[in-house]
Amino acid sequence: MQADPSAQRALLQIADLDTQVAQLRHRRTTLPEHAQLAELNTQRTRLGEQVVASQTRLEDAEAEQERVEADLNPARARRERNQKMIDAGGVDAKALQSLIAETTHLKGRINSLEDTQLEIMQQIEDETAVRDRLIAQRTEIENRMRALITSRDAAGKELDTRIGELASRRADVAGRLPAELMALYEKVAQRSGTGAAELQARRCGGCRLELDMTELKRHANAAPDQVLRCEECGRILVRTEQSGL
């Protein structure tokens, strides 16, 4: 393939723009906010699981409290009824003994239930504090994530703007080059990232390998408009005053 030397040198500008775009895209995908958000999201998920577990324990305790109260209230009512009958003295001795025995049993039962009730109330208080603390921690993380998302989006937008500017410059340069030359460049770039490199100090500016003497001699003897390729990486080798030929 033949192409005017100035068109070949313009490929170096295209390659430089492609390199800059690739670097900016890499920066976009590796913004520090990405890693920070991923870590915070892991923490948020873990806290969410802990909140659910705490809420479950709290609901279990509240349900147990309801069961205790369901037993406690009728026991208190029966004890009060029995005590009134005992105080009134309107029952025979045998019935009185039975009432006293039942009332004594009820007092023990009520005391036990009240102790359990107090324990459950403390458990509910403690678990509520745990749940609320976990929710507060999760909320704090979510606020940090919102701030990071805003920062990430702003940085991404800035990088996108710069990428767009470089793409516009590339399109302008590429539009002035022969279509066949650009087609070759694009084909090579799909594999190597850039499709052209400067032959500088007898080395390919793309793969950085030094050409052997046979290749150097071939390049030195080639016509100025002949399009040369690196034998190693396949890039278009552009000859300049720095090529050492």
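How many nonpolar, polar and charged residues does the lining of the largest pocket have, by class? The points below take up this question after a word on the model.

1. The model is a predicted one, in which local features need pLDDT of at least 70 and side-chain atom pairs count only at pLDDT 80 or more, while totals for chains, interfaces and linings use all residues. Residues are numbered from 1 along each chain as its sequence is written, and side-chain values use heavy atoms, with hydrogens and water left out.

2. The lining of the largest pocket has 5 nonpolar, 3 polar and 4 charged residues, where Ala, Val, Leu, Ile, Met, Phe, Trp, Tyr, Cys and Pro count as nonpolar, Asp, Glu, Lys and Arg as charged, and the others, Gly among them, as polar. A pocket here is an open set of points on a 1 Å grid over the protein atoms alone, where a 1.4 Å probe fits and protein lies on both sides within 12 Å along at least five of seven lines; lining residues have an atom within 4 Å of a point.

3. The volume of the largest pocket is about 210 Å³, a volume being the space filled by probe spheres set on the points, with grid points joined across faces, edges and corners. Helix H1, helix H3 (93–174) and helix H4 (179–192) are the elements that give two or more residues to its lining, and H1 gives the most, with 5 residues. Among the lining residues are Asp-18, Arg-25, Arg-170 and Glu-186. Helices (H or I, at least four residues) and strands (E, at least two) are DSSP runs, numbered from the N terminus.

4. The sheet is open and is formed by 4 strands in the order S2-S1-S4-S3, with mixed pairing; two strands pair if DSSP finds at least two bridges between them. Strand S2 (203–204) and strand S3 (228–229) each have a single partner strand and stand at the edges, so one side of each is left without a neighbour in the sheet. Strand S1 (residues 196–200) pairs with strand S4 (residues 236–239) in the parallel sense over 4 bridges, and Ala-197 stands opposite Leu-237 in S4.

5. Helix H1 (residues 5–29) lies across S1 and S4 and runs at about 115° to S4; the axes are lines fitted to C-alpha atoms, for helices over the stretch in contact, and angles run from 0 to 180 degrees between N-to-C directions. Thr-29, in helix H1, counts as exposed at 58% relative accessibility, where buried means under 20% relative accessible area, exposed over 50%, and partly exposed in between (1.4 Å probe, protein chains only). Thr-29 and Gly-156 are 127 residues apart in sequence but 8.8 Å apart in space, C-alpha to C-alpha.

6. Gln-117, in helix H3, is buried, with a relative accessible area of 13%. Leaving aside residues up to four places away in sequence, Gln-117 touches Val-68, Glu-69, Leu-72 and Arg-76, contact meaning heavy atoms within 4.5 Å.

7. Arg-202, in the loop between S1 and S2, has a positive phi of about 70° and is partly exposed, with a relative accessible area of 38%.
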